[in-house]
Amino acid sequence: MAEQIRVVLVDDQQLVRAGLAMVIAAQEDMVVVGEAGDGAEAVAMVGRTGCDVVLMDVRMPGVDGLEATRRILAAADLAGVEQPPRIVMLTTYDLDEYLLTAIRSGASGFLLKNAPPADLLGGIRTVHTGDAVIAPSATRRLLAHVAVGPDAAGPEDPRFATLTDREREVLELIARGQSNAEISTSLFLSETTVKTHVRRVLSKLGVRDRVQAVVAAYESGIARPGGG
């Protein structure tokens, strides 16, 4: 059997954690390796387990999920961890302020707790492969929120000047929501070559995943809602 995805569950409601654990336990490729009831406990738990993915509640007493996310990723960076845990934020509230803060805190996903189990499981698998996932209902509003208008754009972020023309093309297609396979077709490139370009884009922009790259592109005016 292939190596299982090690998941830590973080929620202040034990019933919620039990429900998530039951769904994950039914999957052959996943295993729950720890549970925490608040953000401070989550930071310690992740440090002990060396997990792959964290399902993190946003709103918790004491240290909330956003601060816990920052602490977990900061600790991983300080320790020089090559593959830090991927964090998926879970919330009952479909609010822009949480979404944008979560992405900027380093989260690789943002899903609503009422999402179908298949979406949740798909999200875990997606972030584990190094990609990112956002609840469909929130994606359009996120981009509209961070995008700058053509008249408001200031000097271009110097990070984008380091991109080659091809890498910029790839970033623009990522911003349109295209997968690696779709970008491969659009640019007549092999999917392996596309993956290489994506890795270089993320490295040059200093971001963890595609969602953060897209946010940076919209904030800088490189990409615009509905634009090419």
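# Reading a predicted model: a dialogue

Guide: The side chains of Arg-6 and Asp-52 meet in a salt bridge, at 2.9 Å from N to O. Arg-6 belongs to strand E1 (residues 5-10), while Asp-52 sits in the loop between helix H2 (39-49) and strand E3 (53-57), so the pair ties together parts that are 46 residues apart in sequence. Keep in mind that this is a predicted model.

Visitor: What is the general idea behind such a pair?

Guide: Side chains of opposite charge can pair when their charged atoms come close. In this structure there are 9 salt bridges.

Visitor: Are Arg-6 and Asp-52 buried or exposed?

Guide: Arg-6 is partly exposed, with a relative accessible area of 29%. Asp-52 is buried, at 15%, because the cut-off for buried is under 20% relative accessible area.

Visitor: Which residues does a network of salt bridges join?

Guide: Take the two bridges in turn. The side chains of Lys-113 and Asp-11 meet in a salt bridge of 2.8 Å, N to O. This pair links distant parts of the chain, 102 residues apart: Lys-113 is in the loop between strand E5 (109-112) and helix H5 (117-128), and Asp-11 is in the loop between E1 and helix H1 (14-25). The side chains of Lys-113 and Asp-57 also meet in a salt bridge, at 3.2 Å from N to O. Asp-57 lies in strand E3 and Lys-113 in the loop between E5 and H5, so this pair ties together parts that are 56 residues apart in sequence. Through shared partners, the salt bridges join Asp-11, Asp-57 and Lys-113 into one network.

Visitor: How accessible are Lys-113, Asp-11 and Asp-57?

Guide: Lys-113 is partly exposed, with a relative accessible area of 29%. Asp-11 counts as buried at 2% relative accessibility, and Asp-57 counts as buried at 4%.

Visitor: How do I read the chain as a whole?

Guide: Begin with its elements: the chain has 10 helices and 6 strands. Of its 228 residues, 46% count as buried. Then look at contacts between residues at least 6 apart in sequence: 65% of them join residues at least 24 apart.

Visitor: Where do nonpolar side chains tend to be?

Guide: In soluble globular proteins, nonpolar side chains tend to be buried together. Here the largest nonpolar core has 30 residues, and those touching the most other members are Val-10, Val-54, Met-56, Ile-87, Met-89 and Phe-110. Two or more residues each come from E1, H2, E3, helix H3 (65-78), strand E4 (86-91), helix H4 (96-105), E5 and helix H10 (210-220). H4 gives the largest share of this core, 5 residues.

Visitor: Which residues is Val-10 in contact with, leaving aside its neighbours within four places in sequence?

Guide: With those neighbours left aside, Val-10 is in contact with Ala-36, Asp-38, Ala-42, Val-54, Leu-55, Met-56, Asp-57 and Met-60. There is also a second, separate core of 22 residues, which includes Phe-160, Ala-175, Val-207 and Ala-216.

Visitor: How do I read a pocket?

Guide: Ask for its volume, then its lining. The second largest pocket has a volume of about 340 Å³. Among the residues that line this pocket are Arg-86, Asp-131, Asn-180, Lys-195, Arg-199 and Arg-208. Helix H9 (residues 191-205) gives the most to the lining, with 5 residues.

Visitor: How many lining residues of the second largest pocket are nonpolar, polar and charged?

Guide: The lining of the second largest pocket has 2 nonpolar, 4 polar and 6 charged residues.

Visitor: What does Asn-180 touch, not counting residues up to four places away in sequence?

Guide: Asn-180, found in helix H8 (residues 180-187), touches Glu-191, Val-194, Lys-195, Val-198 and Arg-210, not counting residues up to four places away. Asn-180 counts as buried, at 16% relative accessibility.

Visitor: Where is Phe-188 found, and what is its phi?

Guide: Phe-188 is found in the loop between H8 and H9. Its phi is near 55°, a positive value in a residue other than glycine. Phe-188 is exposed, with a relative accessible area of 77%; the cut-off for exposed is over 50%.

Conventions
Residues numbered from 1 in each chain as written. Predicted model: local features only at pLDDT ≥ 70, side-chain atom pairs only at ≥ 80, totals over all residues. Heavy atoms only, no water. Salt bridge = Lys/Arg side-chain N within 4 Å of Asp/Glu carboxyl O. Helix = DSSP H or I, 4+ residues; strand = E, 2+ residues; numbered from the N terminus. Buried < 20%, exposed > 50% of the residue type's maximum accessible area, 1.4 Å probe, protein only. Core = buried A, V, L, I, M, F, W, Y, C linked by side-chain atoms within 4.5 Å. Contact = heavy atoms within 4.5 Å. 1 Å grid on protein atoms, 1.4 Å probe; cavity = no way out; pocket = protein on both sides within 12 Å on 5 of 7 lines; lining within 4 Å. Points joined across faces, edges and corners; volume = space filled by probe spheres on them. Nonpolar A, V, L, I, M, F, W, Y, C, P; charged D, E, K, R; others polar.
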